[in-house]
Structures are given as C-alpha cells and as structure tokens.
Amino acid sequence: MQVELIETFLDLMETRSFNRTAERLNITQSTVSHRVKALEAQFNRKLFTRSKGGTVPTASGLRFLDYAKALQNQWHEATRAVASAGTFERSMRLGIQHDLAETFAGDWLAAVRRELPQTEIYMEADYSNQMNRDLAAGELDLAILYTPHYLPDLHYERIGELHYILVSTEARDMAAVRPESYIRSSYSPAFDRAHRLALPHLSAASLSAGQNMAIAGLLRSLGGAAYVTSATAERLSDSGIATAVADAPVIPQAVYAATSLRTRHAHQHRKIIGAMELLLSSMQAQV
C-alpha cells in the first residue's frame with residue numbers, strides 16, 4: 001500500500017487546494033498532482049476536478065473518502081504493531097478522560113495487565129474532543145471518555161457514570177453558597193447542561209475550570225465552592241479543606257467506552273472495557 005497516496009488524498013479532501021496540501025505535507029505542488037494522478041490511475045476514475053473556483057471532489061472521490069480513512073487507520077495500527085514487536089504478542093494504545101485517570105488509572109491498568117499479560121499497553125489522559133479525533137485517525141485503539149462524537153467509523157457504549165459533589169470551604173448548605181466565590185466546573189457539555197438546570201443562579205461564575213485536579217487546587221488556594229468527584233470530595237473533607245454542601249444536588253456524568261467499529265467485539269477490547277466497568281460499578285456501590 002502506498003500510504004503517501006492515501007495521506008495526500010485525505011489532506012486534499014480537507015484543504016480543497018493543491019497548493020495548501022503541498023505546504024502542509026512539505027512537498028511540491030507537482031508532487032501532489034503526481035500522487036493524485038497515480039491514485040486516479042489505479043481506479044481509472046477522476047477523484048478531483050480543478051477550476052478557478054478551487055478543487056472539488058468528484059462522486060468517485062467522495063465514495064473513496066471513508067475507505068481512505070479506514071486504510072490510513074489500518075496502516076497506523078500496522079506500523080505501531082510492527083515497530084513495537086518484541087516479547088509482547090500485541091500492543092494497545094488507550095486514552096482516558098483526565099478526571100477518570102486521576103481516580104482509576106492505576107487500578108484500571110493493573111486489572112488490564114492481569115487480564116492481558118502479553119499485551120503492551122500505552123495510556124494517555126486527555127479530553128474527549130482530542131480522544132475522539134485520535135480514535136478516528138487510528139492514533140488510539142480504545143478510549144474511556146465523557147462525550148461521544150458518534151463519528152461514522154467509531155462505536156460508543158455507555159459503561160457507567162461518575163458522580164460530582166458540591167463542596168465548599170465556607171458553606172454547609174446551599175443558602176450559604178456565595179456566587180462571588182463560586183468556582184464553576186465545566187467537565188463536559190452534558191455536565192454543563194445538568195448544572196444550568198439544577199443551579200442556574202451559579203452558571204455565570206467569574207472563575208471556571210474543566211479538570212477536577214485543577215478545581216481542587218483552586219479550592220485549596222482560593223477557597224469557595226465547586227463541584228468535584230466524590231473521591232476528591234472525600235479527600236478534601238478528610239484533610240479539613242472543604243466539606244460537602246448538604247442539600248446540593250449530585251450531578252452524574254455518564255462514562256463511555258469508544259472503539260472502532262471493526263474492533264468493538266475483539267477479545268482484548270472487551271477485557272479492557274470490562275475492567276473499567278467493574279471499577280465504576282464498585283465506586284457506585286460505595287456511594
């Protein structure tokens with residue numbers, strides 16, 4: 001497979017400009033044209049038409065788009081597998097939402113290692129938007145995230161939820177929570193919607209953050225009130241920094257596992273997802 005032809009085609013589908021694609025791939029415009037012609041020769045079909053108005057994909061080009069993405073993903077997977085070959089039978093690249101990593105990463109990977117001892121594991125913590133993009137590009141094999149994008153080649157399944165609890169360094173009930181010292185947590189679009197519905201008077205706070213660890217740090221430094229994970233709420237309470245606001249609503253956050261459609265039933269993927277499902281259900285049983 002001539003992967004440079006596929007990558008040039010995909011970039012040109014995005015830029016709709018031979019010149020811009022040449023700049024982005026650091027090659028000449030004539031090289032872009034040569035690669036497109038080589039790909040068109042294999043299909044015996046025009047993939048693009050060029051005019052003064054720009055570059056437009058043909059019907060054949062549009063039909064080839066999804067297949068080209070799949071070929072690129074398979075190439076990335078194959079490259080990683082061959083490059084990392086050693087004593088391990090396979091490799092997996094995992095993504096996990098920042099807040100989940102803070103609470104579950106160690107136990108999750110320990111469980112995965114027990115279940116799949118011959119699998120080499122790479123894990124990174126990130127936000128949902130980036131992990132969705134990395135999954136679509138084949139840079140990740142599986143991700144545990146908050147916000148699905150439901151892209152055509154990806155499969156999502158809900159595997160549990162995490163609870164966020166309102167804590168405060170100064171208030172014991174909602175009546176005592178001051179908007180001027182409130183730190184708004186913005187963990188996901190779903191969390192934001194639930195927060196606006198439950199606490200509309202606190203949705204316009206002057207300070208906000210999107211990561212549980214950062215919110216906890218702000219509470220330690222500045223004081224005030226904010227939503228944090230139940231595990232963080234317990235730690236803050238044990239250390240005497242903040243306590244749960246007794247009558248505040250608990251805001252649940254759904255957790256999803258995301259994989260490619262092609263691998264959603266694969267043995268190793270089911271083991272990895274199952275390990276996270278068990279951790280999430282165990283935490284809910286303790287609440």
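**Strands, helices and salt bridges in a predicted model**

Glu161 is partly exposed, with a relative accessible area of 23%; here buried means under 20% relative accessible area, exposed means over 50%, and partly exposed lies in between, with a 1.4 Å probe and protein chains only. The structure is a predicted model, in which local features need pLDDT of at least 70 and side-chain atom pairs count only at pLDDT 80 or more, while totals for chains, interfaces and linings use all residues. Residues are numbered from 1 along each chain as its sequence is written, and side-chain values use heavy atoms, with hydrogens and water left out.

The side chain of Glu161 meets that of Arg158 in a salt bridge, at 2.9 Å from N to O. A salt bridge is counted when a side-chain nitrogen of Lys or Arg lies within 4 Å of a carboxyl oxygen of Asp or Glu. The structure holds 11 such salt bridges.

For an overall view, the protein chain contains 10 helices and 11 strands. Helices (H or I, at least four residues) and strands (E, at least two) are DSSP runs, numbered from the N terminus. The C-alpha trace spans about 70 × 50 × 30 Å along its principal axes. The radius of gyration of the protein chain is 24 Å, whereas a compact globule of 287 residues would have one near 19 Å; this radius is taken over C-alpha atoms, and the globule rule is 2.2 Å times the number of residues to the power 0.38. Of the 287 residues, 45% are buried. The accessible surface comes to about 14500 Å², and 52% of that surface belongs to carbon and sulfur atoms. Accessible areas come from the Shrake-Rupley method with a 1.4 Å probe, and for residues only the protein chains shown count as cover. Among contacts (heavy atoms within 4.5 Å) between residues at least 6 apart in sequence, 70% join residues at least 24 apart.

Spanning residues 154–168, β6 is mostly covered, with 11 of its 15 residues buried. Two strands pair if DSSP finds at least two bridges between them.

Elsewhere, strands β1 (residues 48–51) and β2 (residues 54–57) run antiparallel and are joined by 4 bridges. A hairpin connects β1 to β2 through 2 residues, and Ser51 stands opposite Gly54 in β2.

Helix α1 covers residues 3–15, and its 13 residues reach 18 Å from the first C-alpha to the last, close to the 18 Å expected at 1.5 Å a residue. The expected span is 1.5 Å times one less than the number of residues in the helix. This helix is mostly covered, 10 of its 13 residues being buried; among them are Val3, Ile6, Phe9, Leu10 and Asp11. Asp11 also belongs to a network of salt bridges that links it with Glu14 and Arg24. Arg16 follows α1 and has a positive phi, near 55°.

Asn26, a residue other than glycine, has a phi near 60° and is found in the loop between α2 (18–25) and α3 (29–43). The relative accessible area of Asn26 is 72%, so this residue is exposed. Tyr150, likewise not a glycine, has a phi near 50° and is found in the loop between β5 (142–145) and β6. Its relative accessibility of 56% means that Tyr150 counts as exposed.

Lys46 forms one with Glu40, the closest N and O atoms being 3.9 Å apart. Lys46 counts as exposed at 52% relative accessibility, whereas Glu40 is buried, with a relative accessible area of 9%. Arg178 forms the other with Glu180, at 3.1 Å between the closest N and O atoms. Arg178 is partly exposed at 36%, and Glu180 is exposed at 57% relative accessible area.
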